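Me: I am new to reading protein models. Could you take me through one, feature by feature?

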Amino acid sequence: MKKQDNKDLVDEYAHKVKDLGKIEHIVFVKNLRNYFLHSDVPSLAITLNIVRDADGNDLETVDFSLGVDDDMLNWDGWHVNARSFLTKQMKQPNSKMNLQDLVRMHREDIDKLYHWLHREYMTVHKDAIGEANNLIIEHNRKMRDHAF
């Protein structure tokens, strides 16, 4: 967002971004990047599951998991919310974190923010967008009328 945009929209966006920063899994993903870069790459596991449905068809799923352990928890770069999330994950069976679930949750929250921002931006700038669309339509008409 640019400072010259609608001040109320800029302020509300900043507030929403700040609120995202309080969500444990959002902070964890951010800190996990830093953990990978500055500390270690934890164990990653890929599990292929094959089950047979009622019709006798094989259904395959692949799970990607991140191994979490005390070494990971003891890293001093975790934000308090990320550490809380990680501690909860360590209580899961085999101390593994399902990466698909983590990425899905992260993406859903980020998508909500950007869908909201798009709606608000389109509302705030609807007149300018309408004028720009009219110019495009006029330009396209002129190009069509003067085409060889």
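Me: Is Asp11 buried, exposed or partly exposed?

Reply: Two notes before that. This is a predicted model, where local features need pLDDT of at least 70, side-chain atom pairs count only at pLDDT 80 or more, and totals for chains, interfaces and linings use all residues. Residues are numbered from 1 along each chain as its sequence is written, and side-chain values use heavy atoms, with hydrogens and water left out. Now the general idea: buried means under 20% relative accessible area, exposed over 50%, and partly exposed in between (1.4 Å probe, protein chains only). Asp11 has a relative accessible area of 38%, so Asp11 is partly exposed.

Me: Which residue forms a salt bridge with Asp11?

Reply: A salt bridge is a side-chain nitrogen of Lys or Arg within 4 Å of a carboxyl oxygen of Asp or Glu. Here the partner is Lys7, with the closest N and O atoms 2.8 Å apart. Lys7 is exposed, at 57% relative accessible area.

Me: How many residues apart are Asp11 and Lys7 in helix α1?

Reply: Helices (H or I, at least four residues) and strands (E, at least two) are DSSP runs, numbered from the N terminus. Asp11 and Lys7 are 4 residues apart in helix α1 (residues 7-20), so about one helical turn separates them.

Me: How many salt bridges does a search of the whole structure find?

Reply: The search finds 11. One of them joins the side chains of Glu24 and Lys88, at 2.9 Å from N to O. Glu24 sits in helix α2 (residues 24-38) and Lys88 in helix α4, so this pair ties together parts that are 64 residues apart in sequence. Glu24 is partly exposed at 22%, and Lys88 is partly exposed at 43%.

Me: Which residue does Asp101 form a salt bridge with?

Reply: Arg104, with the closest N and O atoms 3.8 Å apart. They are 3 residues apart in helix α5 (residues 99-124), so they are separated by about one helical turn. Salt bridges that share partners join Asp101, Arg104 and Glu108 into one network.

Me: Is Ser65 buried or exposed?

Reply: Ser65 is buried, because its relative accessible area is 11%. Its place is strand β2 (residues 58-67). Next, look at its contacts, where contact means heavy atoms within 4.5 Å. Leaving aside neighbours within four places in sequence, Ser65 touches residues including Ser43, Leu44, Lys96 and Met97.

Me: Where does Trp75 lie?

Reply: Look in the loop between α3 and α4 (80-90). Trp75 has 14% relative accessibility, so Trp75 counts as buried. Beyond its neighbours within four places in sequence, its contacts include Asn31, Tyr35 and Arg83. Trp75 and Asp40 are 35 residues apart along the chain, with their C-alpha atoms separated by 9.4 Å.

Me: Which residues make the nonpolar surface patch?

Reply: Patches are made of residues with over 30% relative accessible area and no salt bridge: like charges are joined within 9 Å, nonpolar side chains (Val, Leu, Ile, Met, Phe, Trp, Tyr) within 5 Å. Areas come from the Shrake-Rupley method with a 1.4 Å probe, and for residues only the protein chains shown count as cover. Ile46, Leu48, Ile50, Val62 and Phe64 make a patch of about 470 Å². The elements that give two or more residues to this patch are β1 (44-52) and β2. β1 gives the most, with 3 residues.
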